[in-house]
Amino acid sequence: MMYQMYQAQADAADQLRLWASAMSALLHNPFAEAFAPFGMGYVTAGYEMLARAGFSHERKAFGIDSVTIGEAEVPVLEEVADETPFATLLHFKKTVDTPMPRVLVVAPMSGHFATLLRATVRTMLPDHDVFLTDWHNARDVSLADGRFGIDEYVEHVIRFMERIGPGGHVVAICQPCVAVLQAVAVMAEAGNAAQPRSMTLMAGPVDARVSPTRVNELSTSHPIEWFEEHLITTVPARFRGADRRVYPGFVQLLAFVSMNVERHVEAHWELYNDLALGENDKAKTIANFYDEYFSVADLAAEFYLETVKTVFQDYELARGISKYHWHPINPAAIERTALLTVEGERDDVCGIGQTMAAHELCSGIRPSRKRHHLQPGVGHYGVFSGRRWTQFIYPMVRNLILSSD
């Protein structure tokens with residue numbers, strides 16, 4: 001009943017948010033503002049904050065309409081390169097004369113939509129032909145479309161690499177580092193012509209035994225049966241995915257927020273004051289982040305439970321016992337793919353050394369084709385967005401791809 005109770009509360013809160021939004025718009029009227037008493041800005045800001053309270057279950061637009069290449073502004077078109085019930089392979093197509101390296105960016109399926117990587121994609125577009133895994137909200141996927149677990153995730157990575165074609169590259173961010181490494185190993189052992197020329201793994205739990213974080217400790221604090229009993233629910237009848245068992249995105253988001261409650265409270269207090277004082281640019285920056293952060297997507301129950309069990313409890317890939325459709329996965333079979341791993345010094349989600357563990361597993365790659373980078377001063381999101389991503393981390397990703405292309 002967890003999802004049904006949540007949805008009933010959300011429906012009721014929607015009415016309150018609509019009223020608050022209307023009041024905020026009314027008080028933002030120039031005529032009303034001209035005659036507003038002192039301190040009215042704080043009242044208006046209060047209504048706006050109330051209108052913003054709550055979660056969204058719809059993917060926001062990427063909004064990347066153009067990119068600057070050299071001195072030219074080049075239009076960007078979103079095209080569907082491939083699609084399954086569970087994901088869309090998005091192609092950010094540009095019309096340029098010079099061929100660019102084709103790169104598959106694999107977004108995490110961890111309670112948020114792939115638009116969380118908007119800044120990552122925007123940074124990469126001037127130098128690369130970018131494709132992205134746009135995972136669908138599990139509550140919108142019909143039960144008739146079947147299960148979606150780790151094997152199906154790996155299947156999608158392989159299918160999308162084949163769709164891009166031989167000579168491509170892959171960049172995995174956060175949770176999919178494990179599945180991408182598995183997919184590349186499967187492709188290498190099969191001699192798949194589409195196996196990538198380079199593989200970049202960023203802030204992902206390849207070996208969650210190393211430098212465990214609060215996320216890792218939570219995953220090992222209960223047996224897998226506890227997670228299934230307390231965190232898995234069914235999608236209400238009103239949605240396309242009715243009766244599908246899911247790990248709700250709102251539960252995942254609340255877990256993330258609980259890890260840094262003070263930081264989020266401070267950010268919202270700052271947003272309130274910026275709105276009240278008319279600091280619109282500062283307010284917009286904070287508001288845009290939380291619009292994205294509070295847009296949540298449900299995960300198929302199979303995928304969530306298998307991830308907790310195989311990645312965070314049994315460490316199957318790190319221990320050399322992971323399988324793909326019952327066949328052992330052998331990362332040592334990867335020989336033709338260059339490897340870059342990236343970690344953040346202050347990452348409280350994926351500890352230092354967890355991603356670097358891929359180097360030992362990929363023993364078939366020559367040492368000269370392996371690189372690791374630990375970025376000082378960044379947390380989890382700073383690995384793939386923000387100033388240090390743009391200035392320090394991205395150049396290393398770009399150089400590895402160019403040198404391997």
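Predicted model: local features only at pLDDT ≥ 70, side-chain atom pairs only at ≥ 80, totals over all residues.
I started with α6, which is mostly covered, with 11 of its 14 residues buried (buried is under 20% relative accessible area, exposed over 50%, partly exposed in between, with a 1.4 Å probe and protein chains only). Helices here are DSSP runs of H or I with at least four residues, and strands are E runs of at least two, numbered from the N terminus.

Residues are numbered from 1 along each chain as its sequence is written, and side-chain values use heavy atoms, with hydrogens and water left out.

**Entry: more on α6**

I listed some buried residues of α6, including Cys177, Val178, Ala179, Gln182 and Met187. Then I checked the span: at 1.5 Å a residue, 14 residues should give 20 Å, and the end C-alpha atoms are 20 Å apart, so the two agree (the expected span is 1.5 Å times one less than the number of residues). Just after α6, I found Gly191 with a positive phi of about 70°.

Cys174 counts as buried, at 13% relative accessibility.

**Entry: α12**

Next I turned to α12, which is largely enclosed by the rest of the structure, because 11 of its 13 residues are buried. Among them are Phe303, Thr307 and Val311. After α12 comes Tyr315, with a positive phi near 50°.

**Entry: cavities**

How many cavities of 30 Å³ or more does the structure hold? I got 3. I had to look up the term: on a 1 Å grid over the protein atoms alone, a cavity is a set of points where a 1.4 Å probe fits but cannot get out, and lining residues have an atom within 4 Å of a point. Grid points are joined across faces, edges and corners, and a volume is the space filled by probe spheres set on the points.

The largest cavity has a volume of about 70 Å³. I found Ile150, Gln175, Val178, Ala179, Gln182, Pro205, Phe303, Thr307 and Val311 in its lining. My two helices turn up here: α6 (177-190) and α12 (301-313) are the elements that give two or more residues to that lining. By class, the lining has 6 nonpolar, 3 polar and no charged residues.

The second largest cavity has a volume of about 50 Å³. Its lining includes Trp135, His136 and Asp298.

I checked another positive phi, that of Asp243, near 75°. Asp243 sits in the loop between β8 (233-234) and β9 (245-247). Is Asp243 buried or exposed? I found it exposed, with a relative accessible area of 53%.

Last, I looked up Gln375, in strand β14 (residues 370-375). Gln375 is buried, at a relative accessible area of 5%. Leaving aside neighbours within four places in sequence, its contacts include Glu343, Arg388 and Phe392 (contact means heavy atoms within 4.5 Å).

Key:
1 Å grid on protein atoms, 1.4 Å probe; cavity = no way out; pocket = protein on both sides within 12 Å on 5 of 7 lines; lining within 4 Å. Nonpolar A, V, L, I, M, F, W, Y, C, P; charged D, E, K, R; others polar.
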